[in-house]
Amino acid sequence: MSRTTSALTRKALGNASPGRFAARLIGVRKSHRTPGGPAVEALRGVDLAVPTGTMVAVIGPSGAGKSTLLHCAAGLTPADSGGIHVGETSLSTLNERALTRLRRDRIGLLLPGFDLVPALTVRENITLPVDLAGRGRVDAGWSNRVITAFGPANRLDRRPRELTPGERRRAACARALIGRPEILIADEPTAGLDTRAADEVLALLRLAVSDMGRTVLTATRDPYVASRADIVVFLGDGRVLDRLSAPDQHEVLLRMRRSESAAPARHRRAER
Ligand code: ADP
Ligand code: MG
């Protein structure tokens, strides 16, 4: 992206009216240190706005920086520089305790490796975040709605191992939404699922946005998954290369190819 476009985006983001964006990243840079080796620049000045009540998909090849971006947006990893806002809250103003509270109360996480607890029933898994936070924080109407929509009917009292991979993923979505988060951050939510199970998960993420008033920020390598979002952001080598609203799958694929050819592999090592 050109310097001018980036400056314009930054201006637009800075002028955002309250409540318009569930999350914003402005000029975010992030390097990962490697033991004994040079730092890896995963994000090199990313501007991204997630309008409230939409689903935004970040798409890019493996190593593009998608997971790093999601971790920064969720306050799991501090950025090296730049601004990150969840709603109107700037993450850099929060101490560790406030950040933990923000993650618990305002963000839903669906991350690879966040498996269900084998010893608990599916229902206990789904309600675990609110149970840990203390009952009464979320109204029963919301919990029932989430469990009804996402939980595998008739199998709520089973253990996770008795479910299909698709059902387990849906239960993990329910667990991420049970606290009624302002934003659901979902890293490769359909990875490892067959087409049908992936479609069911995507339909539920759409439902969370259209019927349940949530906002979703997701990352994927799959153009089909991205085409189900409202906005697609193309990430390559730690930079936003393109954006697309109301995408269709064919257009996503075309832009992906264009982004990839416009951004040949660069040196990724930070100079330090
Ligand atoms: P993606 O999710 O798009 O595959 P990542 O955000 O996982 O991309 O990674 C971006 C870059 O940062 C890659 O080069 C990756 O190897 C590197 N990276 C990610 N996490 C770490 C880490 N914890 N330590 C060192 N390098 C990392
Ligand atoms: Mg990743």
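## Strands and sheet

Valine 232 stands opposite leucine 244 in β10. The model is predicted: local features need pLDDT of at least 70, side-chain atom pairs count only at pLDDT 80 or more, and totals for chains, interfaces and linings use all residues. Residues are numbered from 1 along each chain as its sequence is written, chains are lettered from A and ligands numbered from 1 in the order in which they are written, and side-chain values use heavy atoms, with hydrogens and water left out.

β9 (residues 231-236) and β10 (residues 239-245) pair in the antiparallel sense over six bridges. Strands here are DSSP runs of E, at least two residues, and helices are runs of H or I, at least four, numbered from the N terminus. Two strands pair if DSSP finds at least two bridges between them. The hairpin of β9 and β10 has two residues between the strands. In its turn, aspartate 237 has a positive phi of about 55°.

An open sheet holds four strands in the order β2-β1-β4-β5, with antiparallel pairing. β2 and β5 (89-90) are the edge strands, each pairing on one side only. β1 (residues 21-32) and β4 (residues 81-86) pair over five bridges. Arginine 24 stands opposite histidine 85 in β4.

## Ligand 1

The shell around ligand 1 has 13 residues; Gly63, Gly65, Lys66, Ser67 and Thr68 come nearest. A residue counts as near if one of its heavy atoms lies within 4 Å. Polar contacts are pairs of N or O atoms within 3.5 Å.

| Residue | Protein atom | Ligand 1 atom | Distance |
|---|---|---|---|
| Histidine 32 | polar side-chain atom | nitrogen | 3.4 Å |
| Glycine 63 | backbone N or O | oxygen | 2.7 Å |
| Threonine 68 | side-chain N or O | oxygen | 2.5 Å |

Taken alone, ligand 1 exposes 560 Å², and the protein buries 64% of that. Areas come from the Shrake-Rupley method with a 1.4 Å probe. β2 (40-51) and α2 (66-73) each give two or more residues to the shell. The largest share, three residues, comes from α2.

## Largest pocket

How much space lies in the largest pocket? About 430 Å³. A pocket is an open set of points on a 1 Å grid over the protein atoms alone, where a 1.4 Å probe fits, with protein on both sides within 12 Å along at least five of seven lines; lining residues have an atom within 4 Å of a point. The volume is the space filled by probe spheres set on the points, which are joined across faces, edges and corners.

Of the 20 lining residues, Arg103, Arg104, Ile107, Pro129 and Arg175 are the closest to the pocket centre. α3 (96-106), β6 (107-110), α4 (122-133) and α6 (165-177) each supply at least two lining residues.

Technical notes
A polar contact is a pair of N or O atoms within 3.5 Å; within protein, one must be able to donate a hydrogen and the other to accept it, and residues adjacent in sequence count only if both atoms are side-chain atoms.
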